[in-house]
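The following note sets out points for a colleague who will be working from the model. Please read it alongside the sequence and the coordinates.

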Amino acid sequence: DAKTPTSDSNEYGLLAPLGPSRMIKVNVEPIEADSASLVMVGRELLDGTLEDSNSLTLRLALKEMGVRVDRVVTVPGFLEAVQNEVRHSSKSSDVVIVVGGVGPGREDVSVAAVAAAHNE
């Protein structure tokens with residue numbers, strides 16, 4: 001039975017690049033899982049250029065669905081780094097959510113990394 005969020009606190013996500021006063025509505029789909037890992041992708045998160053507000057929003061939404069967040073990790077936007085973390089997190093969590101790493105050009109690594117992690 002899928003778990004559905006119950007309050008408005010997870011319906012809005014902060015867009016860090018636009019500043020703390022900008023919000024957008026986020027559609028949260030119920031998931032069937034007991035545990036999750038969050039893999040945040042991007043050098044901007046690691047070097048502090050960009051503040052990570054997405055993991056907080058996701059943690060709140062998952063908590064309201066009764067899903068325990070076991071791990072939140074930030075990795076650089078390199079295929080091998082994302083692939084290794086997805087593989088590692090998949091061993092201990094029911095769901096692995098990858099955020100970021102889908103920009104233009106060389107930044108677009110997440111989809112390929114997740115596919116590679118599950119094809120091995």
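Predicted model: local features only at pLDDT ≥ 70, side-chain atom pairs only at ≥ 80, totals over all residues.

1. Serine 37 is buried, as its relative accessible area is 0% (buried means under 20% relative accessible area, exposed over 50%, partly exposed in between, with a 1.4 Å probe and protein chains only). Serine 37 belongs to strand β3, which spans residues 35-41; strands (E, at least two residues) and helices (H or I, at least four) are DSSP runs, numbered from the N terminus.

2. Residues are numbered from 1 along each chain as its sequence is written, and side-chain values use heavy atoms, with hydrogens and water left out.

3. The average pLDDT of the chain is 78, and 70% of the residues score at least 70; pLDDT is the predictor's confidence in each residue, from 0 to 100. Over residues 1-12, pLDDT stays under 50, and the model has 34 contacts beyond four places in sequence for this stretch.

4. Valine 99 is located in strand β5, residues 95-100. With 18% relative accessibility, valine 99 counts as buried. Residues up to four places away in sequence aside, valine 99 touches Val39, Met40, Val41, Asn54 and Leu58.

5. Helix α2 comprises residues 54-64, and its buried residues are Ser55, Thr57, Ala61 and Leu62. Viewed down the axis of α2, these buried residues fall within an arc of 160°, so they line one face of the helix; the arc is that of the directions from the helix axis to the C-beta atoms. Leu56 and Lys63 are exposed on the other side of α2.

6. Lysine 63 and serine 35 are 28 residues apart along the chain, and their C-alpha atoms are separated by 9.8 Å.

7. What follows α2 in the chain? Glycine 66 follows this helix, and its phi is positive, near 80°.

Definitions and conventions: Contact = heavy atoms within 4.5 Å.
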